[in-house]
Amino acid sequence: MRAELEVLLGNLRALKNEGTTEVFVSEEALEALRERVAAVRESVSTETRGADAAPVASVRPAPSPVSSKKTPATPPRISPPPQQNPRAFEPEPFPPISFDEIVSSKSSPAKSVAASPEKKAPSFDVSVSKARVAAVPATGTNAERLAALCDQMLGDPICNEHLHKGKHLVFGEGNAEASVFFCGEAPGAEEETAGRPFVGPAGKLLDKMIAATGLSREQVYIGNIMKWRPELPTLYGNRPPTPDEMEYCLPYLAAQTEIIRPRVIVALGLTAVNGLLGFDPDRRIGAMRGKTLDFRGIPVVATYHPSYLLRNDSVKSKRAAWEDFLRMMEIAALPISVRQRNFFLPKK
Ligand code: URA
């Protein structure tokens, strides 16, 4: 049950990172969540009191857990666990899971829950060493240098330590001479299974957005800050990587950009921006849009993560993301047609 709450918290943080500021939760769901947290707390205090303690109160099954104006009824990144997690975390001692971060303790009729700033690391151990420095292979074609860098990463003991059993590290892929480098945050379930970036639903949308620029996926480069899928206590669900995790993986991403030297990097979502520029809890994607940022001398355009756009597919958010893509195209000196300029604008 604690694992479910961790996943829910991770998903809410991910939504917040991608720009969602509110989710709407029914009073029944709030009540069910409160009961679950209370039950977990009670079970922990019972365990600490010892075997003679009173039995833990049973918890009734929750009605549909979260209903949201902007998100589906169940948290979008959660799917049933395909198998037992080989790294299931130890459930004790119960960490200070910030339930109040998810659910306002006030039972207000307005049932709206503001997302709180992303400041905490997950409450289970995901600490990583900071010692790694990726050496940029000096000789060969770009493709050869990328392949050598990929070999370094595949042999990296820390990356391998964090890898789920039977899954893959995800280096990145695409044109070694690309003028546009798309940078996401971290592989998800589909990506760690395939060993390729952006192959799940968000990737399908990204492919369409790339195609709308007139480029193909093969003409650009696609990578992530993280090379492994950030661990969760369950095999299902995703969580944003911690600043330490991103700091550990960043040298690989930096080496990729140094080899490719794209004309522009498109940072997909706030987490990618934080990974590239350094973690800032006060940074907001809305405030980054429209500015040209810089990563080691390469212009960076920040935009919404495709998975945010999948959940917020209003014309307004599509147009906003498209404007970011237009700016990216201008920086990359790609041709822009009148039709492209007018995508998602009201027809006159
Ligand atoms: N989201 C990301 O940020 N990267 C991927 O590779 C897939 C989903």
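Figure 1. A polar contact is a pair of N or O atoms within 3.5 Å of each other. The structure shown here and in the following views is a predicted model. A backbone N or O atom of phenylalanine 198 lies 2.9 Å from an oxygen atom of the ligand, which is within the 3.5 Å limit and therefore counts as a polar contact. The protein covers 91% of the 230 Å² of accessible area that the ligand has on its own. An oxygen atom of the ligand is also found 2.8 Å from a polar backbone atom of glutamate 185. A nitrogen atom of the ligand lies 3.0 Å from a backbone N or O atom of alanine 186.

Figure 2. The ligand has around it Gly184, Glu185, Ala186, Glu191, Pro197, Phe198, Asn224 and His305. Sorted by class, this shell consists of 3 nonpolar, 3 polar and 2 charged residues.

**Figure 3. The open sheet of six strands.** The sheet is built from 6 strands in the order E3-E5-E4-E6-E8-E7, and their pairing is mixed. Strand E3 (173-174) and strand E7 each have a single partner strand, so one side of each is left without a neighbour in the sheet. These two strands therefore stand at the edges. Within this order, E6 is placed between E4 and E8.

**Figure 4. Strand E6 and its two partners.** Strand E6 comprises residues 264-268. Strand E4 (residues 180-184) pairs with E6 in the parallel sense over 4 bridges, and phenylalanine 182 stands opposite valine 266 of E6. E6 is also joined by 4 bridges to strand E8 (residues 298-303), and these two strands run parallel. In E8, valine 301 is the bridge partner of valine 266.

**Figure 5. The two covered faces of strand E6.** Of the 5 residues of E6, 5 are buried, and the strand is mostly covered. Val264, Val266 and Leu268 lie on one side of E6, while Ile265 and Ala267 lie on the other.

**Figure 6. Strands E7 and E8 and the loop that links them.** E7 and E8 pair in the antiparallel sense over 4 bridges. Threonine 292 stands opposite valine 301 in E8. Arginine 296 is located in the loop between strand E7 (292-295) and E8. This arginine has a positive phi of about 50 degrees, although it is not a glycine. Arginine 296 has a relative accessibility of 55%, and a residue counts as exposed over 50%, so arginine 296 is classed as exposed.

**Figure 7. Alanine 333 in a loop between two helices.** Alanine 333 belongs to the loop between helix H12 (315-331) and helix H13 (338-341). Although alanine 333 is not a glycine, it has a positive phi of about 55 degrees. Its relative accessible area is 55%, and alanine 333 is therefore exposed.

**Figure 8. Threonine 257 and its contacts.** Threonine 257 forms part of helix H8 (residues 243-260). The relative accessible area of threonine 257 is 3%, and values under 20% count as buried, so this residue is buried. When its neighbours within four places in sequence are left aside, threonine 257 is in contact with Phe181, Pro262, Ile265, Phe295 and Ile298.

**Figure 9. Histidine 164 and its polar contact.** Histidine 164 is placed in the loop between helix H5 (157-161) and E3. With a relative accessibility of 3%, histidine 164 counts as buried. The side chains of histidine 164 and glutamate 192 are joined by a polar contact of 2.8 Å. Histidine 164 and proline 230 are 66 residues apart along the chain, and their C-alpha atoms are separated by 9.2 Å.

**Figure 10. The protein as the setting of the close-up views.** The secondary structure comes to 13 helices and 8 strands. The protein has 348 residues, of which 51% count as buried. Among contacts between residues at least 6 apart in sequence, 75% join residues at least 24 apart. The protein exposes about 16100 Å², and carbon and sulfur atoms supply 56% of this area.

Definitions and conventions. Residues numbered from 1 in each chain as written. Predicted model: local features only at pLDDT ≥ 70, side-chain atom pairs only at ≥ 80, totals over all residues. Heavy atoms only, no water. Buried < 20%, exposed > 50% of the residue type's maximum accessible area, 1.4 Å probe, protein only. Pairing = 2+ DSSP bridges. Near = heavy atom within 4 Å. Polar contact = N/O pair within 3.5 Å; in protein donor to acceptor, adjacent residues only side chain to side chain. Areas by Shrake-Rupley, 256 points an atom, 1.4 Å probe, with all protein chains shown as cover. Nonpolar A, V, L, I, M, F, W, Y, C, P; charged D, E, K, R; others polar. Contact = heavy atoms within 4.5 Å.
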